[in-house]
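Here are my notes for your read-through. Have the model open and follow along point by point.

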Amino acid sequence: MSMFSTGILVLTSPLHTLPLRIAPVLSSAAQLVERTLYVHLNPGLNLGSGSQPRPVFLPPAVDLSTLISRLYSNAADVCGHLDVRVLLTNVRTQSASCSGTAIPNCPFPTPQSLSHSPEVVLTDFPLQDPGQSHQVMQCLQRYTGHCYVCSPSMPSVLLHPQLVRLQENREGLKEPGEEAEPMQTYSDVVVGGTFDRLHGAHKTLLNISCLLANRRLIICVCDHAMLKSKSLIFSNSISGMRIHDEKAAPPNILFFPALEKVLKELVEPYSLRAQRLQEFLQDIKPSLQVEIMPLEDPYGVAVVDPLLQCIVVSEETRRGGEAVNKKRIENGLRPLILHEIQLLKDAHHTETEEEKISSSSLRSRLLGTLLTPPKDTSHLAPLPYVIGLTGGSGSGKSSIARQLEALGAVRIDCDKLGHEVYQPGTAAYRRVLEEFGSDLLNEDKTINRRALGRKVFGNQERLKALTDIVWPEIALLVENRISQAREEGEQVCVLDAAVLQEAGWTDMVHEVWVTVIPEEEAVLRISERDGLTAEDALRRLQSQWSNGKQVAHANVVLSTLWEPEVTQKQVLKAWNLLQERLQQRPDGHVLVSPSSQL
């Protein structure tokens, strides 16, 4: 059967059996749907009775909340490529009202539009009589069309997964007929987070927040200003990182786990995160009044809105919720009910990633991959293919360049070329002496670069005068090295250049690769390597392009934050992916085959 971009999965199994069926059902659905899978819950729905069933309201229940968490957890394990969305339009307390009007008996007075138009409807309904197959599929089509906007001729599929025997591992499951525990709901609920690269843990948080909220849901989204100030509250070393001890500091992370600070340069723009949240929530529960707002301080609206009743937190952010309540009491407001959800385990995490599903882990998996396609380089010769490798001081750029050299690239070291242009007899040598004076000369007539540095330090005008002399001369040497590599039949060159972007040398390269580490780690490395104070090391960093500015112009991003073997794996991944791209080029050039090891 052909693949569909978007599908709706109608789950009909009784609530007490669904937890054991979710994983095999999702695995079967993933063989048919490749992008977005909507999940509609109607436990006990009978599609084979001969009469047309109608959607009904489901009351919020603790079991339903647990089921949703399990569904997203299983989805991450067995179909991580799918954008799974559990729809809650038909989940509501009978006493709830929407915008002050009574709720009709049917959850879908008119079919609900979804962000992605469904192309197929699937169900786990167990077919007792094969002769009923056509009747059940027609019934499923009509039921789905009553709930959601979709084509009347949309194909329907009865899934036949290899289901787990129900008598196995029944721990924690309700027995048939056992009354479900109702879930306390609230008029106004608040939740917050970074919501970068919306994943299963985010969706669990949002779905449960939607279950809890009857009228309004406020979502506070960390903006980039807050990302810069988010404190680390762990005191130990995580995955090879050095993390400052800030346990004594106030709990000013309310909604954000500390490791969100890792690779923050790869966090999506606020506008994109807010847009994706809006789309997701419009699909999930369109009746809710949703307010998405940037979080510009550690507390946000949670400490001033008198209508709020509940705040949704995780195990990691409970301290933040408690801090919110302390502030609310100081402001003369009632404290909020803290509804805590469990973190979802990441079955695919590596030794350098968190055990939970997290945006930090997803960002780390982007390292070495092509984030943005290369610009038009038709003005460049196809060979050698030139990688411009850059990064701030202490970022480990040169160690990565050496690893790429070991994999077969020709390394062009711009720092060494910079020394060459200062040699006596060169054009740059003469112009530097004319501009800055002959008192720069050592006894052997070479230029004293330390003395030259003192003349331009802190003076942007004088520094520009120097770079206007030196950078064009280095660029000429680079072009000569690339031409030499072409004559020698070399396939790939790596231009190791700290000032690649500042100097405007990106026109000489096919791709820009950037190496980043957190500013705090860079300061530590520079201080240890060069014997500088932390203040001097920070000043050096601040005189360069920021990580964020460099990443904004990057095709590939790498990081040496973790152990050397982790960096090696990143570099090897980047190299192998580069070879794949080059073999697919329309000019037909086939380069060196991907390497399996350094």
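1. Let's start with helix H3, which lies across strand E1 (4-11), E2, E4 and E5, and runs at about 125° to E5. Contact here means heavy atoms within 4.5 Å. Axes are lines fitted to C-alpha atoms, for helices over the stretch in contact, and angles run from 0 to 180 degrees between N-to-C directions. Helices (H or I, at least four residues) and strands (E, at least two) are DSSP runs, numbered from the N terminus.

2. Before going on, keep in mind that this is a predicted model: local features need pLDDT of at least 70, side-chain atom pairs count only at pLDDT 80 or more, while totals for chains, interfaces and linings use all residues. Residues are numbered from 1 along each chain as its sequence is written, and side-chain values use heavy atoms, with hydrogens and water left out.

3. Now the sheet. It is open, has 5 strands in the order E3-E2-E1-E4-E5, and its pairing is parallel; two strands pair if DSSP finds at least two bridges between them. E3 and E5 are at the edges with a single partner strand each, so one side of each has no neighbour in the sheet. On average, neighbouring strands are turned by 25° against each other, direction ignored.

4. Zoom in on one pairing: strand E2 (residues 33-41) and E3 run parallel, joined by 5 bridges. Look for Val-39, which stands opposite Val-86 in E3.

5. Which rings pair up? Phe-108 and Tyr-148 do, edge-to-face, at 5.2 Å centre to centre with 65° between the planes. The rule: rings of Phe, Tyr and Trp (its six-membered ring) pair if their centres lie within 6.5 Å, with planes under 30 degrees apart called stacked, over 60 edge-to-face and the rest tilted. Phe-108 sits in the loop between E3 (83-87) and E4 (120-123), and Tyr-148 in the loop between H3 (133-147) and E5 (156-158), so the pair ties together parts 40 residues apart in sequence. Both Phe-108 and Tyr-148 are buried (under 20% relative accessible area; exposed is over 50%, partly exposed in between; 1.4 Å probe, protein chains only).

6. Finally, the count comes to 30 salt bridges (a side-chain nitrogen of Lys or Arg within 4 Å of a carboxyl oxygen of Asp or Glu). One of them joins Arg-215 and Asp-188 at 2.6 Å, N to O. Arg-215 lies in strand E7 (residues 213-222) and Asp-188 in strand E6 (residues 186-193), so this pair links parts 27 residues apart in sequence. Arg-215 is partly exposed at 31%, whereas Asp-188 is buried at 3%.
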